[in-house]
Amino acid sequence: MKTRSAPTKSEKSEDETKTKTLVAAEKPSKTFILPSPTSDNARLLSLPDPQSGELTRYFFCPNRGIYEFTVVAPPAHMGRSILFAPRTRETPSPSEEEEKESEPSVQGSITKKAEFLVATPVDALFFMVPLIAPSAKSGRSLFQPFDDIIDSQDDMPKHLRQVLYDDEFRGSLLARAEAICEVVEAGDEKMFRFNETKLVQELITKAERIADRGLPASLEERFVRQTLATPLMAVKREDVAASQEPSNESQESASKSEERDDSPSTVATTATPSVATPAGESTPVPQPPSEESPASDHITRLLRISTALSFMKESYLPATMASRLDEILASAESPIDFKPLNDRLKEIADLRAQALASRDMSNFSRKRGLDDEEGDIRGEKKRRKEEEEKKTKASQSQAVKNLKKVNTSGMQKMSAFFAKAAPKKQT
């Protein structure tokens, strides 16, 4: 019986290296782009989303604040990957070469999914609105110290409690609480009470700052330019021809001028090409470009502010609070008047309805043409079907034709002879 000796140390190391090379792990699995510089106490936390209340990953730095992660990725139908390679210099110094020799070699890696998670700052007051704002059952809130407001929340996530009790972040947190609350001093301690009007004013200030800096190009095109664009109006060609017909006096003067001077340049300038078009049809005529006026600039700015407010309400405020803010903005107590914007949007909607109605009324001939085309297509299909039936009949033999004429009403089908026999009755 043959036995195998125990493996030596060299053989063990070779086996270990082989197994290590076979293990493949995708590293890193997610790519985060974080702000710099940050505090040593900066960390990733799971905080409740201000709008939905679900736990979401955030980046918290006591010196810089709270950051949410915005996903930047290519479209789903486009396959992309990211290559991470070690950073090297073209001409390293001798000391760097010595350090590189002493350090283990760093290998590159590839992520199968080209996706970046970019940290973008979030105002801390959005996290405090669900805590400070009174619920529907409690009614109007009372003045309370900030610590009592935190302690009254029994089901608060532990990470959010750590953020609210952080000593370095405490000053900026109280400053943001004062922006949306009424504050009174009771001795050495401040008392807070939520105020909806101050919250609306703070959001409007943010929206005005966004409008002054300018919306992103995609938002500007979709929510501002397309919203304020006036439609193309349709006019009848008969009206255009009637307006372009010259009067008798102008025709006489034109004939006299032709008699006086028959130069090619005069004929070329006076003659206008005409195109014969069917009567009764309509053609879209664009509206004359209106010069930018202070009123239009004011309406455009109001629309930018409204777009920014809608984004903040839908992204960072609960549904009940967003509906309450809509009521305040629509009331007479609103800090900003959106009436000129609403009137202009209503006027544009009426113009679009008129343009759509005129376009539908002027397309009878076009609809009839489409119906005729559909009828021609159906006739062509029917003709091809009849031709195919004739070809099949012509290819059949005389015997097959005679068999089709046989009366088979009382005969059984061939499949009946191959069916299973009925079970015999037991006697």
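Is F192 buried or exposed? I looked it up in this model, which is predicted. F192 comes out at 4% relative accessibility, so I put it down as buried.

**Entry: counting ring pairs**
Next I went through the aromatic rings. I ended up with seven aromatic pairs.

**Entry: F32 and F69**
I picked F32 with F69, and this pair is edge-to-face. I noted 5.1 Å from centre to centre and 70° between the planes. Where do F32 and F69 lie? I found F32 in strand 1, residues 31-33, and F69 in strand 4, residues 65-72. They are 37 residues apart in sequence, so the pair ties those two parts together.

F69 has 16% relative accessibility, which is under the 20% cut-off, so I called F69 buried. F32 has a relative accessible area of 28%, so I wrote F32 down as partly exposed.

**Entry: F146 and F192**
Back to F192, this time with its partner F146. Their ring centres sit 6.0 Å apart and the planes make 70°, so I logged this pair as edge-to-face. F146 belongs to helix 4, residues 146-151, while F192 belongs to strand 10, residues 189-194. That means the pair ties together parts 46 residues apart in sequence. I already had F192 as buried at 4%, and F146 turned out to be buried too, with 6% relative accessibility.

**Entry: a cluster**
Which residues do ring pairs link into a cluster? I got F126, F311 and Y316.

Note on methods. Residues are numbered from 1 along each chain as its sequence is written. This is a predicted model: local features need pLDDT of at least 70, side-chain atom pairs count only at pLDDT 80 or more; totals for chains, interfaces and linings use all residues. Side-chain values use heavy atoms; hydrogens and water are left out. Rings of Phe, Tyr and Trp (its six-membered ring) pair if their centres lie within 6.5 Å; planes under 30 degrees apart count as stacked, over 60 as edge-to-face and the rest as tilted. Helices (H or I, at least four residues) and strands (E, at least two) are DSSP runs, numbered from the N terminus. Buried means under 20% relative accessible area, exposed over 50%, partly exposed in between (1.4 Å probe, protein chains only).
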